[in-house]
Structures are given as structure tokens and as C-alpha cells.
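Please look over the sequence and the model shown below before reading on. The report that follows takes up strand pairing and then salt bridges.

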Amino acid sequence: MEEIASEFLRFLSSRQVEFLKGSLEPVEYETGVQVHIVSAENSNPLHNFWNSSKPRFIMEKCIPKFEENGETTEELYANESKVYLEENVGPVGLSIIKARQLLSCYILSQNPNVLRPEGDTFSVALFPLWIRCDGCDLEGIHWLGAEIAWAGVKAIGVNIYTVKCKGPATGKASFPVLEELKQQHKIRHHSSAVTAKGYAQYDLFGSAVVENTIIESQSNVYVDFSWNNVESILQPPPLTATATLKIKVGSGDPRSPVCQLYRELEFLVVLADGLRTGVTDWPEPLESKTALQLVQALIDDLKHKLDNFQNSPVKETENPKESAANDEGSIHTGFVAERSDLDFAELLWCRMWKSVTSYHNVQECLSLVIQALKTGSIQPWIHRGSNSTLSRLVQQSYDGSMDSVTLSGLVPIRMLLELGLDKMRKDYISYFLGQELATFNYLDYFLCSSVDLQEQVHRLKKLHHMLEIVVNCSAFLSLEHEHLFPLMQSLLQFYEKNPHDEEQIFSLPIRPSFISSFYQNAPPQMWRVELVSGHGQKEVKTIFQLSTKSAVEHMAFDESELHLKSVANEEGEETFYFTSIIECSQVHFV
């Protein structure tokens with residue numbers, strides 16, 4: 001057995017080294033058994049019941065290979081259950097006997113007191129090991145896990161984890177009573193005192209309060225609770241519990257309060273892609289009139305206002321240039337104040353992004369504007385500090401000395417992109433500063449115009465994602481400044497160091513009383529109690545978990561039954577849950 005354990009150690013050690021070099025592919029350990037390593041960064045099959053960012057080994061049955069006729073190529077799988085012989089077969093568990101053999105090899109390989117084969121001095125601390133089981137034993141075990149226990153730098157034993165799962169079931173009568181679980185824990189671990197700590201997770205966007213307000217596939221806001229002294233199974237979290245919002249918001253949801261601004265950003269991205277690749281995929285116009293008609297109307301309106309200004313007395317408080325800024329603000333929502341200070345370049349952008357359908361369109365519109373500036377028929381107002389080429393031409397036109405611009409190649413696309421960048425940056429500034437969520441210093445990185453245009457667009461996408469998160473939390477969860485401000489600070493810190501990522505989950509501590517209306521009458525997505533006895537190195541634990549989705553992805557169950565239970569739940573029945581029990585104990589090295 002020692003020789004087998006030594007060979008096992010050498011094999012896993014080599015896989016550990018390869019993983020650290022970037023190799024993630026499964027490798028066959030022996031006939032029918034494969035191993036791969038998962039971490040927080042890649043697919044983690046344990047995330048539904050075990051929270052750890054450490055890399056760990058996953059051992060499981062090799063996934064069968066199929067020919068076109070659907071039959072396996074290995075005789076090993078000739079007698080497999082039909083469950084595992086689907087065309088898109090998923091992960092497959094090992095028998096409990098095989099899993100325990102592998103677990104024993106792991107424990108022996110890590111025991112410093114076990115004699116090694118002569119000349120074998122190879123010793124490495126391995127990652128934790130988790131073995132996928134088929135659940136066909138009497139206990140219904142679906143995972144076995146092992147992790148080295150340390151006392152300082154000395155390995156003193158191995159923590160053993162056993163995961164059982166069954167379901168789905170509905171109604172509290174289907175679940176054990178908390179006192180029964182405590183008694184079973186005391187008998188199993190010979191304990192006299194047991195503490196019970198509770199955890200629960202609620203989907204706030206999935207509750208009845210916010211039903212149909214946002215698409216769940218794009219955005220999710222969960223709240224995680226933890227508290228001491230659990231009194232019963234499915235006990236609601238008390239108001240004294242610790243609560244943390246887990247926020248993932250996707251941009252572009254049609255029900256988002258800033259959906260229109262996202263469509264504007266999408267057009268900006270189209271221009272940036274066209275500038276980078278030389279090919280622009282023009283979207284369908286949002287206006288019935290052509291771009292040239294809209295731009296000509298803008299110029300005519302400015303001419304008319306300028307003529308009136310020159311031919312009639314003007315009140316001291318009236319500014320004929322500022323009157324050009326009309327009500328075409330971008331952010332149309334009750335949660336975000338509209339801008340009323342759009343300058344000429346921003347008004348031009350607002351008309352063009354909704355209507356241009358070709359490169360020729362852009363050329364025509366910009367040519368029309370430049371000609372009007374050259375003749376002095378318009379003298380539009382421009383924000384101080386505007387960085388676009390067209391803004392510079394407008395400012396030069398005041399003195400009648402404009403630079404010559406050739407509207408060929410990628411120049412028209414670049415000029416239009418600059419207009420959009422200038423205008424949208426001011427939109428985000430207006431909201432974040434107006435709501436006192438940030439200052440110019442905090443936003444400086446995202447507003448920098450000295451980097452190349454592609455990077456400017458990338459940073460603008462980050463700003464928009466931050467806006468989506470903050471506005472959605474304000475609109476749908478009624479969070480106020482005391483929560484939005486720290487949330488904004490965490491968003492700014494993340495996006496100064498990381499690329500745009502709409503799959504990122506952001507955390508926000510919050511008092512339960514602020515969100516109690518969203519969860520108090522709703523069923524939890526997950527509810528768990530941890531029964532703990534002993535202290536330090538002698539601590540043992542039993543976890544009882546209820547979840548609306550199976551904690552074990554390879555667990556076989558009747559999906560038609562699950563569908564019927566889902567329909568029943570919609571008709572007012574109790575929520576159905578999968579039951580998981582995780583036993584945590586320790587084997588000491590001798």
C-alpha cells in the first residue's frame with residue numbers, strides 16, 4: 001500500500017507542478033479515473049456547498065467517448081447506466097469503494113510517519129483532494145474530500161469531508177428537526193456541547209417585490225446572511241444577522257433606467273471597432289428622418305437664432321449660444337437628472353448617432369457642419385475643455401482661421417467617435433458628481449483623454465457599468481447615499497486596476513432592516529446550519545443545507561418531477577429544496 005501511495009503522490013505532485021505552469025486539462029490517473037485541478041478562477045464543481053479559493057484536485061470517472069452511432073469506444077462503459085450514456089454526458093462519479101481507496105492513498109501519501117519505499121525521498125504538500133462519487137451507496141455519498149491539517153508548519157492529520165445530497169422535497173415535514181440533527185452530531189462525534197450557526201441566501205431580484213423589473217439572466221442581486229444561535233430549520237434571518245449584498249448587474253437590460261445611455265454607448269463601441277478594423281457594422285437607425293435632414297435642421301435652427309440675436313435687442317441675462325442646448329439630454333429616467341447644458345457638438349452627436357447608417361452619411365453631415373462654420377453662418381457654443389477635433393474647429397471659427405480638414409479615410413469615423421466620447425464623459429460626470437458619489441479626483445483615471453481612443457472607450461464602458469450598478473441599486477432596492485457611496489468607492493477601486501467585467505460580483509455590507517421588505521416573506525435560495533463542537537484542532541462540524549438547486553451537479557434525479565414541483569410552487573405550494581449534509585471530521589497522523 002505504501003508503494004501505491006508513493007506513486008499516487010508522485011502523480012499528483014507532477015499534476016500540481018503542471019497546473020502552476022498553466023495546464024488545466026484532465027489527465028488519466030489509471031484506467032477509468034481522471035484528475036484535474038480547479039480554483040476560484042476556473043470552473044469549480046464544489047461552489048454550491050464549499051466556499052474556498054484554494055486550488056484543489058478533482059478525481060472522477062473518465063467521461064466516455066462516443067462514436068457517431070452514440071456507442072462508447074471503451075468496453076469499460078459498455079454496461080453503464082443510461083443516465084451516463086447521453087450524447088452530452090456530464091461529470092461522472094466513481095463508486096464509493098474506489099473513492100475510498102483513492103482517499104486512503106492521499107492520506108498515506110501525506111503522512112510524514114509512513115515509511116517510504118527505499119530511496120524515495122520525494123515529499124510534497126498536495127492541494128486538497130475531492131473525489132466525485134456516484135451516490136449509489138446506502139448513504140448516498142456524492143463527494144469525498146480530504147485536506148491536510150496543520151499545526152504551524154507541521155502536518156498533523158487530514159480533514160475528511162463527506163457530502164450527501166437528496167431531493168427535491170417540499171414542506172418542513174420532509175426535513176429533520178434541528179434537535180435531531182444536534183443529537184446525531186453529538187452521538188457521531190462524542191460531543192456534549194454543540195453550537196448552531198445559520199446562513200441564508202435570498203435572491204432579491206427574484207422576489208415578488210421586484211418581479212419583472214429586470215432580467216435575471218443579466219443581473220442578480222443576492223443577500224447573504226449569517227447569524228448565531230439557530231433555533232429551527234428554515235428560520236428567517238433575524239434583524240441582528242450580518243448581511244452582505246452580492247451584486248452582479250449586466251448592462252443593456254431594456255428595463256434598466258439607463259438603457260438609452262447604453263444604446264448610445266453601444267454605437268460608440270461600433271465606431272471604435274470600425275476605427276480599429278476598418279469595417280463598421282452600422283446599426284439600424286432610431287430616427288425616421290435621415291441624418292443629413294436632422295443635421296441640416298440643427299444648422300438652420302442655429303442660423304435662425306443667430307439672426308434673431310443680431311437683429312433684436314438681447315436681455316442681459318440671455319445667452320443666444322446657450323439657447324441652442326435643448327432638452328435632448330441622454331439619461332432619460334426619474335433616477336438620473338437630465339442634462340440641459342448640451343453644447344453644439346453634443347447636440348450634433350445626439351442627432352447623428354441615432355440616424356447615420358453609412359460612412360457616406362458621416363462624411364455628408366460633417367462636411368455640412370464644417371462648411372457652415374467656414375462661412376460664419378453659425379457661431380455655436382462649445383463647452384470649455386472639449387477635446388474633439390470638431391470642437392477645436394468651432395473655437396477656431398470664432399476668429400475665422402480654421403484648420404483644413406480632409407474628410408477621407410478613417411477621419412470622419414474618428415471625428416464622430418471623439419464627439420461621442422466628449423459628450424458621454426460629461427453625462428457620467430453629471431450623474432456621479434450630482435449625486436455626490438465621486439469627485440473629479442476619483443474619476444480622473446476614467447476621464448483621461450490623453451490615452452488612445454480605444455482605451456478611452458474601454459474606460460467609458462467601465463464608467464457605464466458602474467452607473468448601471470448604482471442606478472439599479474437605487475431604483476430597485478431603494479438604497480440611499482449612505483450605501484451607494486461605499487458601493488461606488490469599491491467600484492472605482494476595482495475598475496482602476498481591472499478590465500471591464502460584467503460577470504464580477506461586488507459585495508456591500510448592509511443592515512438587514514434596510515432590505516427586510518425584500519426577503520421577509522420570500523423563501524431563501526439557500527439555507528444552511530452549521531453544527532460545531534470541539535475547538536481548534538479538535539473541531540468537528542456537521543452542515544445541513546437546503547437549496548433550490550442541487551448542490552451536486554452530477555446527482556441524478558427525475559427532471560419531470562422537478563418540473564411538476566415547480567408548477568405546484570407557482571400555484572402557492574411551499575418551495576421545494578434539495579437536502580445536503582456535509583460531515584467534517586479529522587484523521588490524525590500516527
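## Strand β9 and its partners

In this predicted model, Val221 stands opposite Ile247 in strand β9. Strand β8 (residues 220–228) and β9 run antiparallel and are joined by seven bridges, where two strands are said to pair if DSSP finds at least two bridges between them. Helices (H or I, at least four residues) and strands (E, at least two) are DSSP runs, numbered from the N terminus.

Strand β9 also pairs with strand β10 (residues 506–510), again in the antiparallel sense, over five bridges, and in β10 the bridge partner of Ile247 is Phe506. Because five of the seven residues of β9 (residues 242–248) are buried, this strand is largely enclosed by the rest of the structure; buried means under 20% relative accessible area, exposed means over 50%, and partly exposed lies in between (1.4 Å probe, protein chains only).

## How the model is read

Residues are numbered from 1 along each chain as its sequence is written, and side-chain values use heavy atoms, with hydrogens and water left out. As the model is predicted, local features need pLDDT of at least 70 and side-chain atom pairs count only at pLDDT 80 or more, whereas totals for chains, interfaces and linings use all residues.

## A salt bridge between Lys54 and Glu147

The structure holds 23 salt bridges, a salt bridge being a side-chain nitrogen of Lys or Arg within 4 Å of a carboxyl oxygen of Asp or Glu. In one of them, the side chains of Lys54 and Glu147 meet at 2.6 Å, N to O. This pair links distant parts of the chain, 93 residues apart, with Lys54 in the loop between β2 (33–38) and β3 (56–61) and Glu147 in strand β5 (residues 141–151). Lys54 counts as partly exposed, at 45% relative accessibility, whereas Glu147 is buried, with a relative accessible area of 14%.

The side chain of Lys423 meets that of Glu264 in a salt bridge of 2.9 Å, N to O. Lys423 lies in helix α9 (residues 411–434) and Glu264 in helix α4 (residues 259–277), so the pair ties together parts that are 159 residues apart in sequence. Both of these residues are buried, Lys423 at 0% relative accessibility.

Lys423 also forms a salt bridge with Asp427 (2.7 Å, N to O). Because Lys423 and Asp427 are four residues apart in helix α9, about one helical turn separates them, and Asp427 counts as buried at 2% relative accessibility. Glu264, Lys423 and Asp427 belong to a network of salt bridges that also links Arg339, Asp341 and Glu346.
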